[in-house]
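Thanks for coming. I have one structure to go through today, and I will keep to what can be read from its coordinates.

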Amino acid sequence: MAKDDWAIVIGIKSYFDPALAGLQGPENDAREFYDWVVSPAGGAVPKPQAELILSSDFPPFTTVPGAMPTALAITKAFQHLRDIAEANGQKGIGRTVGRRLYLFLSGHGFAPARSDDLTALLTAEATIANSELKHIVGPYMADFFWRARFFEQILLFMDCCRSIMDCAQLYMPFEDERASGYDQVRRFYAFGARVAKESREWQMPDGAYHGVFTRTLLDGLRGSAADARSPSEVTAESLRDQIYTGFPNFLSPQDRQRVERPEPEVRYEQKPGSNFTVAMLGSRLQRVFGRVQLAKLAVTLSVSPAHVGKRAIVRDKQLAAIATLNLADPTSLSLNKGLYALEIEGEAELVPFEVSGPGSGLRV
Amino acid sequence: MSDGKLVSFEVRASDPGAELFLVDGDFTLVDRGIGRKTFSVPSGVYKIRSRSGRTYADRIVVVREGMPAILLDPIPLVSGMPFAGAPKTHEFHIDAARTAPQQPPLAVGQGSGIVIVVRRWTGPDPAPGTALTQPPPHPGRGLTLRAVNGAVLVDLATATIPDRGFDPSIVANVSIDPGGYCLAATLPDGRIVEQTLIAAPGWQTQVFLLVDAGVDPGAGVDVINAAITYRRPAEPFSPTDQGLRNEEMARRALEDNRGFLSAELRELLVQPGTSPMLALLGAHLLLQETRRAKSKPTPLTAPAEPAQLLVRQIVGNLRQSLGRHPDVEALALAAGDSTTTLQPFGLPPMLRASWDLLLEASLEWPQVFVPGSLAALVGERIWGEGSWLFWLDAKTDPVDRAGLWQGRARELLTTFATSQVTPTATPRAPGIAGAAWSALSHLAESAVKRAKVLFTSRARPPFPKLSAEAGLPTVSSTATFSEPDAPRDLTLTREAVTDEQRKQLASRLGIPLGSVNAWLEEGKQ
């Protein structure tokens with residue numbers, strides 16, 4: 001149950017080092033994720049169990065000692081969970097803290113040159129010039145709670161760059177703790193960029209800056225990642241698929257034109273039975289009566305004069321007919337996310353098309 | 001409509017090393033392959049994603065009984081090499097690259113050659129008659145070819161720019177003695193980064209560099225993404241050369257730890273006539289594939305032969321064609337080649353992956369680098385990312401890199417000293433009665449625990465408010481979690497450093513073990 005869930009949400013946009021200035025989105029992203037994670041219709045984490053750490057929570061600073069939040073200060077939030085584990089252990093009920101832990105980290109980041117499978121979020125006191133890369137290593141923190149088995153599920157989301165930087169001494173403040181059967185803990189880690197690549201943020205149509213990854217993630221959690229086999233659920237598998245499929249829809253127009261387009265990365269153990277529910281959609285009543293339906297997306301067909309007036313059949317992913325149309329220019333459709341084919345009267349070949357996000361369309 | 005019967009169809013990518021992914025109508029990955037793959041799925045609508053280098057293309061297809069094979073179009077590659085139809089390439093760049101190896105050479109030596117092509121890209125060709133507001137910066141500014149001792153052999157900023165104002169390119173064709181050289185590039189902040197270029201007897205080392213000024217008109221030459229190949233002098237550059245495309249894709253795959261080795265390429269790698277750069281990169285990919293397979297239960301493609309055997313075969317071929325080459329010898333060490341006569345390395349290798357192999361080798365063989373040689377010195381000055389090995393020139397780097405890693409080493413030594421594990425006694429195996437008693441008490445214990453969990457609520461104190469402590473935003477104020485300070489006098493700690501800890505230091509710092517040992521010995525005196 002979500003009453004046993006916990007979350008640590010971090011958005012850092014202010015850094016001491018002027019070389020790290022210029023990020024606009026991390027606080028918006030962290031706030032938006034926090035809003036989702038504590039919302040009864042979202043993660044439903046009780047507010048006292050969700051910690052939101054933002055640059056703007058602290059006074060402006062001009063010196064390294066004044067820069068907040070630091071790696072050491074942020075560690076307090078993680079340490080708090082360790083303290084709870086300790087308290088539970090002393091009560092004799094085991095060191096479990098809760099059911100699920102959400103970790104969301106947004107800001108500048110890097111992949112350490114000697115351990116590029118890790119991703120670190122730079123904290124406010126970090127300075128590039130003298131290689132003082134103060135940081136929090138997201139996967140290390142997540143893996144610490146995984147090994148200690150303080151939770152049954154760990155979800156880590158990092159919207160930050162993963163450029164390779166030299167940082168020999170990684171900040172790993174906790175001593176390893178291995179609980180028996182920790183391999184049973186489910187992990188879902190997702191990153192806004194692939195290793196050695198940069199994540200993306202831009203001023204989106206709502207006028208605010210957002211990370212492309214966070215936008216894709218939240219869009220998925222709010223419904224676009226619903227599992228086609230069970231529309232009332234966003235599962236780990238369906239969220240992974242949507243993060244990959246939906247990411248290009250949120251790229252800036254310039255990034256969409258790039259030959260080497262940015263991509264996210266999801267790490268999730270793919271084996272039978274390892275899938276789990278990440279979010280529930282619809283109200284309880286709707287779920288009980290099976291009334292939760294996959295969100296429909298608007299699709300526009302631009303029809304050439306040669307095809308105007310012809311009959312066409314829309315076929316689904318298994319080629320079953322789902323709608324019949326009289327083609328006009330344009331023709332509007334409302335379809336679930338997925339792959340389709342259009343069979344136009346008098347044409348031998350089916351025209352396949354994709355519906356993956358807002359603004360999907362096809363020219364025939 | 002799909003009747004659930006499986007339909008088989010073949011997908012052929014234009015590149016033999018292109019990754020192929022088949023995704024179903026729910027956007028779930030169904031299957032994958034490399035280069036060419038026969039998929040068997042129920043009829044329906046599917047998406048095929050193909051990836052060459054860092055570029056991918058999607059094609060949605062209707063899968064039906066009796067469908068023909070699907071041939072995928074070539075995917076444009078972004079590269080320093082001006083490939084036909086590639087982004088950031090002008091026709092006149094292709095002409096310059098094609099004629100480069102035949103340009104009258106600048107004679108610095110003989111027996112080998114280094115050809116450097118640098119081209120600037122700002123955007124598509126301007127409309128005819130459009131006048132340039134000001135001449136573009138020289139593409140070769142800040143770029144020099146140097147001897148290992150630092151002497152400048154060729155300054156590319158002095159290379160002649162052909163009579164063309166827009167997006168010019170320059171070519172330097174240097175006839176040179178076989179051996180090791182450095183390509184040096186000046187960064188905007190004045191620091192100089194260097195990389196090794198090995199000139200092999202009878203070969204031309206061809207380097208293709210791009211100045212990508214599309215976004216930043218002041219951009220310098222992009223050495224990180226340099227395309228480097230070995231070609232015979234008589235072999236002109238061809239913009240449609242599949243071999244060169246394969247090399248560029250292999251380089252990207254190595255950098256990104258991705259799949260590339262199809263059965264066809266695997267076979268090609270061990271052929272004696274295979275391009276040396278493809279063989280070098282391919283050997284690294286084989287080793288990388290082995291490492292990846294160790295971390296996953298089922299490798300993407302099961303190698304027919306153990307990687308090490310193939311790598312040894314490739315090493316044999318490369319020794320024949322290139323002679324002694326640091327990258328080849330690094331591979332030989334990693335593949336456990338018994339014919340390797342251990343000779344310390346004086347020159348750093350060209351590839352970062354080879355450097356990593358040498359670092360690993362240094363853990364068992366601390367004398368892997370010749371003391372005082374360039375190879376021994378660059379370890380603390382490694383710079384940047386990508387597939388080539390770069391280091392910062394000590395004279396232009398204001399940071400005390402030795403001080404930096406030694407400071408980190410001190411921190412690590414302190415950690416080692418404070419985390420000495422006290423050995424615990426291993427309990428003896430109990431007798432049968434003891435075992436039964438132990439099992440019973442364990443059962444009782446867990447039953448009590450389960451009952452307790454049911455009736456005792458978990459602790460749920462709210463998070464401590466960090467913002468409430470904004471009045472103490474100093475690092476020292478959070479002393480509970482402060483990192484241990486390194487003691488000033490490490491003499492005692494240094495003496496107690498075990499061989500295993502020395503290896504740990506070397507591997508965590510990325511510094512050769514020989515250098516770590518030398519520093520530790522120095523500290524004792």
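Predicted model: local features only at pLDDT ≥ 70, side-chain atom pairs only at ≥ 80, totals over all residues.

Start with chain B as a whole. Its secondary structure comes to 13 helices and 18 strands. The chain has 525 residues, and 41% of them are buried. If you take the contacts in chain B between residues at least 6 apart in sequence, 65% join residues at least 24 apart.

Now the place where the two chains touch. On one side are 49 residues of chain B, and they are in contact with 53 residues of chain A. Which elements of chain B give two or more residues to that side? They are strands β5 (44-52) and β6 (55-63), and helices α9 (401-418), α10 (432-455) and α12 (499-509). The largest share comes from α9(B), with five residues. By class, the chain B side divides into 25 nonpolar, 12 polar and 12 charged residues.

Next, the cores. As background, nonpolar side chains in soluble globular proteins tend to be buried together. In this model the largest nonpolar core has 131 residues. V117(B), V311(B) and L331(B) have the most contacts inside that core. Helix α4 of chain B, residues 276-295, gives the most to it, namely nine residues. What does V117(B) touch, once neighbours within four places in sequence are left aside? Its contacts are A96(B), A97(B), A100(B), S169(B), V171(B), F208(B) and L209(B). Another core lies apart from the largest one. That other core has 87 residues, including F58(A), A126(A), L156(A) and A236(A).

Helix α6 of chain B covers residues 326-334, and helix α7 of chain B covers residues 352-364. Their axes come within 9 Å and cross at roughly 50 degrees. The two helices are therefore oblique to each other. The crossing of α6(B) past α7(B) is left-handed. From α6(B), the residues in the contact are P326(B), D327(B), A330(B), L331(B), L333(B) and A334(B). They meet S354(B), L357(B), L358(B) and A361(B) of α7(B). Sorted by class, that contact has eight nonpolar residues, one polar and one charged.

Over to chain A, and helix α5, residues 236-246. Is this helix enclosed or open? 11 of its 11 residues are buried, so α5(A) is largely enclosed by the rest of the structure. The buried set includes charged side chains as well: E237(A), R240(A) and D241(A) are among them. What packs around the helix? The buried residues of α5(A) pack against helix α4 (212-224) and against strands β9 (186-191), β12 (226-227), β13 (230-235), β14 (265-268) and β15 (277-280) of chain A.

Now some backbone points. Most residues other than glycine have a negative phi, and most peptide bonds are trans. Here are some exceptions.

The peptide bond from M68(A) to P69(A) is cis, with omega near 0 degrees. P69(A) sits in the loop between β2 (50-54) and α2 (71-91) of chain A. D329(A) and P330(A) are also joined by a cis peptide bond, with omega about -5 degrees. The loop that holds P330(A) runs between β18 (321-326) and β19 (331-336) of chain A.

For positive phi, look at R149(A), where phi is near 55 degrees. This arginine is in the loop between α3 (138-148) and β7 (153-159) of chain A. R149(A) counts as buried, because it has 21 C-beta neighbours inside 10 Å. In chain B, N257(B) has a positive phi of about 55 degrees. N257(B) lies in the loop between α2 (242-256) and α3 (263-269) of chain B. With 16 other C-beta atoms within 10 Å, N257(B) is partly exposed.

Last, E343(A), in strand β20 of chain A, residues 338-344. This glutamate counts as partly exposed, with 18 C-beta neighbours inside 10 Å. Leaving aside neighbours within four places in sequence, E343(A) is in contact with A312(A), I313(A), R315(A) and L350(A).

That is the end of my list.

Technical notes
Residues numbered from 1 in each chain as written. Chains lettered and ligands numbered in written order. Axes fitted to C-alpha atoms, helices over the stretch in contact; angles between N-to-C directions. Helix = DSSP H or I, 4+ residues; strand = E, 2+ residues; numbered from the N terminus. Parallel < 35°, antiparallel > 145°, perpendicular 65-115°, else oblique. Left-handed = near helix turned anticlockwise from the far one by under 90°. Contact = placed C-beta atoms within 7 Å. Core = buried A, V, L, I, M, F, W, Y, C linked by C-beta atoms within 7 Å. Buried ≥ 20, exposed ≤ 12 C-beta atoms within 10 Å, placed from the backbone.
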